[in-house]
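Me: Could you walk me through how the labels on this model come about? I'd like each call set against its cut-off.

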Amino acid sequence: MEPKAILPEEQAATSRKQFAAPMVADPMLGWRLLFAVGLLFVVVGLLNLVLLWMPLQLGNAEYEFASVAASLDSLPLPTMGLVFVLAASRAAGKPASVRVATVLALVLAVVVLGMAALYWLDVPLALKAVRTGPVRLGILKSITKVTAQAILYPVALVVLVRMANRGKQG
């Protein structure tokens, strides 16, 4: 039998296996990572929401209309972050973190409902300002989207909070 030639890829793979650190079983590491990423998503998402409203121009219908629509469009990031934080906190048995995330989620649900009310106060002005054409179609699409988001986000946040708080806390 002739000696087998070792290809450079095989040699590199063998070297990596020899010097790789052994995996240590740490089931909590995954939950800590999920918690950290969730916290990052919450902070970045809420910062984006706050900055959308700066400088505050309440009373300006165009500003309110656009700001509410943009705010609801940016809710997936902080919502995912809250879900990650809730899941990781429950899995790690951290009731204080669950309570903080629960309060934040419920406050966010109330804020969404408040933004929806503000938006709907401006809808008659928007519809009166544009009677026909593609701009009117854009306004109608925005109304449909914002209305759906204003209903779905608070419902989803309340359902997620109820799920995260079901049963015993560790």
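Me: What makes the helix and strand count what it is here?
Reply: Helices are DSSP runs of H or I with at least four residues, strands are E runs of at least two, and both are numbered from the N terminus. On that basis the protein has six helices and zero strands, so the pattern along the sequence reads α-α-α-α-α-α. Bear in mind that this is a predicted model, where local features need pLDDT of at least 70 and side-chain atom pairs pLDDT 80 or more, while totals for chains, interfaces and linings use all residues. Residues are numbered from 1 along each chain as its sequence is written, and side-chain values use heavy atoms, with hydrogens and water left out.

Me: Why is the contact between Arg-32 and Asp-26 called a salt bridge?
Reply: The rule asks for a side-chain nitrogen of Lys or Arg within 4 Å of a carboxyl oxygen of Asp or Glu. The closest N and O atoms of Arg-32 and Asp-26 are 2.7 Å apart, so the pair qualifies. The count by this rule is two salt bridges.

Me: Which residues meet in a salt bridge at 2.9 Å, N to O?
Reply: Those are Asp-73 and Lys-145. Asp-73 sits in helix H3 (residues 61-73) and Lys-145 in helix H6 (residues 134-164), so this pair ties together parts 72 residues apart in sequence.

Me: What makes the lining of the largest pocket nonpolar, polar or charged?
Reply: Ala, Val, Leu, Ile, Met, Phe, Trp, Tyr, Cys and Pro count as nonpolar, Asp, Glu, Lys and Arg as charged, and the others, Gly among them, as polar. The lining includes Leu-46, Trp-53, Ser-71 and Met-115. It divides into nine nonpolar, one polar and no charged residues. Helix H5 gives the largest share of that lining, five residues.

Key. 1 Å grid on protein atoms, 1.4 Å probe; cavity = no way out; pocket = protein on both sides within 12 Å on 5 of 7 lines; lining within 4 Å.
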